[in-house]
Amino acid sequence: MSLHDIAARLLHVLDPEDAHRFTIRALQAGLGPGSGGDDPILATQVAGLALPNCVGLAPGFDKNAEVFGPMLRAGFGFVECGTVTPLAQAGNPRPRLFRLSEDQAVINRMGFNNEGLEPFAARLGRRGPGIVGANIGANKDAEDRIGDYVTGLTRLWGLASYFTINISSPNTPGLRALQTKAALEELLGRLAQARDGLPAQGRAPMFLKVAPDLEDGEVEAIVETVVANGLQGIIVSNTTITRPSLASKHAGEAGGLSGAPLTGLSTQMLGAFHQASAGRVSLIGAGGIGSGADAYAKIRAGACAVQLYSAMVFGGPGLVTRIKRDLAACLRRDGFDSVAAAVGAS
């Protein structure tokens, strides 16, 4: 076990949110782990983005675009920052982040707490090499929530490698209603119109992030709306509001559940999107990835790349290296010579 992993375990004596802030400060001070070169079998292309490896850091860890550089150096193939809203907001009252250690899970009801677009944009503007995405959202009290997404896209145009439209957080009241067909058509239509009016040299792929709690018929409607408006992909999935059998005393806390209990549900939903999209858009798999085998299952279910965050709470910063090593072994064991060759194999 590395010193970084030991430090990560010691952080569990702190409140989860305080531990996270301490981690961000340590990374800013240059105390993050390093990573060797990537196994070539993990390199892939997603929506025109050349990824050195297919394992990405999900949003929520680097809300304010403060440590994307250290996390790329830690071994992630791409880092997604945010969620960022046009105006700074405090989010929901604390406590709002809970470790469910017995379940290897996390419940959060953060509520898009972030510093706002301007500090976020300033930091992205100073970034070096590497794929860094921006996850954009709407302020809780916005009169025109769709307008907030347009503002985020416009302000960060040319600064981010890709954009994720986050309409699937359960912690902003009414946000998930944007996943319904009529609301989604308006949202993506206005974003497409804004995108088409922006400079071509800043063009970056756009992804839609969806919940794992969709009903019958919604998957197909979302895919068709995404394709019709020229988005390049879908990220499946955000946290769940459902509650499987959990052992932790925090099981009854309100908010979105992530981590190991989400694995099966999110992978099942990913498979549904793979079937409905039939290769017309790129899919990124997220939700419950804690091992190379989990990442491999997402890829076989249809993901071109994967993202994780919650598992690092329990697995430490060395987890990404272990996942990449084990994923490469899974690919070779089954005779695949690339990530792309295994996409949708199940």
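Val13, Leu14 and Phe22 come together as a nonpolar patch on the surface, with about 320 Å² of accessible area between them. Patch members must have over 30% relative accessible area and no salt bridge, with nonpolar side chains (Val, Leu, Ile, Met, Phe, Trp, Tyr) joined within 5 Å and like charges within 9 Å. A salt bridge here is a side-chain nitrogen of Lys or Arg within 4 Å of a carboxyl oxygen of Asp or Glu, and areas come from the Shrake-Rupley method with a 1.4 Å probe, only the protein chains shown counting as cover for residues. The model is predicted, so local features need pLDDT of at least 70 and side-chain atom pairs count only at pLDDT 80 or more, while totals for chains, interfaces and linings use all residues. Residues are numbered from 1 along each chain as its sequence is written, and side-chain values use heavy atoms, leaving out hydrogens and water.

Leucine 14 sits in the loop between α1 (3-10) and α2 (16-28); helices (H or I, at least four residues) and strands (E, at least two) are DSSP runs numbered from the N terminus. Its relative accessibility is 35%, so leucine 14 counts as partly exposed (buried is under 20% relative accessible area, exposed over 50%, partly exposed in between, with a 1.4 Å probe and protein chains only).

The buried residues of α6 are Ala183, Leu184, Leu187, Leu188, Leu191, Ala192, Ala194 and Arg195. Seen down the axis, they fall within an arc of 160 degrees, so they line one face of the helix; the arc is taken from the directions from the helix axis to the C-beta atoms. That buried set packs against α5 (145-156), β8 (162-166), β9 (206-210) and α7 (218-228), contact meaning heavy atoms within 4.5 Å. On the other side of α6, Ala182, Gln193 and Asp196 are exposed.

Arginine 94 and proline 95 are joined by a cis peptide bond, with omega about 0 degrees, and proline 95 lies in the loop between β4 (78-84) and β5 (97-100). Another cis bond runs from valine 236 to serine 237, with omega near 15 degrees.

Phenylalanine 112, not a glycine, has a positive phi of about 55 degrees. At 6% relative accessibility, phenylalanine 112 counts as buried. Alanine 278 also has a positive phi, near 50 degrees, but alanine 278 is exposed, with a relative accessible area of 61%.
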